[in-house]
Amino acid sequence: MSTHEAESIDALANKVRAQFPLLAREIDGRPLAFLDSASTTPKPRVVIDAVVNYYENCTANVHRGVHVLGEEATRLYDAARLEVAALLGAGPDELVFVRGTTEAINLVAHSLRLTKEDEVVFPASEHHANWLPWRQNARAVPMAIDADGVPRWETLASLLTPRTKLVSIGHVSNVTGAIAPVAEVVAAAHARGIPVLLDAAQSLSHLAIDVKKLDVDFLAASAHKAFGPTGVGILYAKRERLAEFPLYQVGGGMVALNEDIGEVDRGFIPRDAPFRFEAGTPAIEAAIGFGAAIRWMRSVGMDAIRAHDVALAARMVRGLSAIPGVRVLAADLPMEKRVALATFVVDAPAMTQENVARALCDMFGVCVSGGYHCTHVLHARAKLEGTVRASPHVYNTAAEIDRLIEGVGEIVG
């Protein structure tokens, strides 16, 4: 393995690694190598501190209390939305806080008023969160994928019909790590007057995103895959799209103030977006932590994160592909078209892919995912009985990638 490559990877990893308390943990006396960031990321100290600060110093509801604690909590909560807006190049009124990517996509599915006669086009490789809502609410039209699970993007135009109401794609595959050709998809769909939803769950912390330049109509993402807490995410929607949405959930916090306080007894006027879609007490501490996570990412720099990502991907894919008996999905994909994620199949007698993942943890202290990664259709079409997925991030070193490769090689041997 290249010494220069290792030094390039470690320069950023060593700079930020100490900021993640989880990474100091050992497993059975071995230092933890956390390579499961596509499932969820560890949290930097500033995110943990932001959540704890809310509980210790300003526990209160937001947009309700008139006391100082309520004002402080509201200020921190509203600032988080501004952080998301700045990261994505969106207006704060175009961002709805939700529980995560899954709820964001289901909110769009609900709001488009789909029928079983309407069609939604998406790659067959998609995560269940970007598959099942369309199967449940409309007629699902999955795009073909190749033997490694990469979408056949050239077939998109042939799938669009007068009944197509939406094209919904993952920005980055949670199985192959492949980056979708968003500009091409948007151009093809918009030429037919069809809106596009971008699932950015796997891209938010890896790639710089500007929703105005991408011109997507909707974008869904979660905080917990981008160094933030669980339980909060965002739906971005163009203002004109949000204006067309019916009410989603109703309750406290989404009713406009009126002189006639008894009006709610006869009917009510909902607040403007985004608050009309955020009924009830939100996940306040999670949103505040999300804001802290975005500030942290921006302080590191998305360009620096991306450069580290490409170097990690190259070392990992090259090393795993060189092991006899290991097949890396989409191994030939250029590094600039993927993130640091490698999903592979290990030919180990009497071991399932879940067994391999567990062995990597127990024997080498390497945490990866094993199974189907909520993409059962991809695995079925690719005739795969499970896979192993390694997904490092900005805090991972070259030595940890090498430990993964050595561990897989030993298991195969």
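I take two strands as paired if DSSP finds at least two bridges between them, and helices (H or I, at least four residues) and strands (E, at least two) are DSSP runs numbered from the N terminus. The model is predicted, so I kept local features only at pLDDT of at least 70 and side-chain atom pairs only at pLDDT 80 or more, while totals for chains, interfaces and linings use all residues. Residues are numbered from 1 along each chain as its sequence is written, and side-chain values use heavy atoms, with hydrogens and water left out.

**Confidence.** I looked up pLDDT (the predictor's confidence in each residue, from 0 to 100) and found a mean of 96 for the protein chain, with 97% of its residues at 70 or more.

I traced an open sheet of seven strands in the order 4-10-9-8-7-5-6, with mixed pairing. Strand 4 and strand 6 (139–143) each have a single partner strand and stand at the edges, so one side of each is left without a neighbour in the sheet.

**Pairings.** I followed strand 8 alongside strand 9 (residues 218–222), where three bridges join them in the parallel sense, and Leu197 has Phe218 of strand 9 as its bridge partner. Strand 4 runs antiparallel to strand 10 (residues 233–237), with four bridges between them, and there Leu95 is partnered by Tyr236 of strand 10.

**Burial.** I then checked strand 4 (residues 95–98), where Leu95 and Phe97 on one side and Val96 and Val98 on the other are all buried, that is, under 20% relative accessible area (1.4 Å probe, protein chains only).

How values were computed
Buried means under 20% relative accessible area, exposed over 50%, partly exposed in between (1.4 Å probe, protein chains only).
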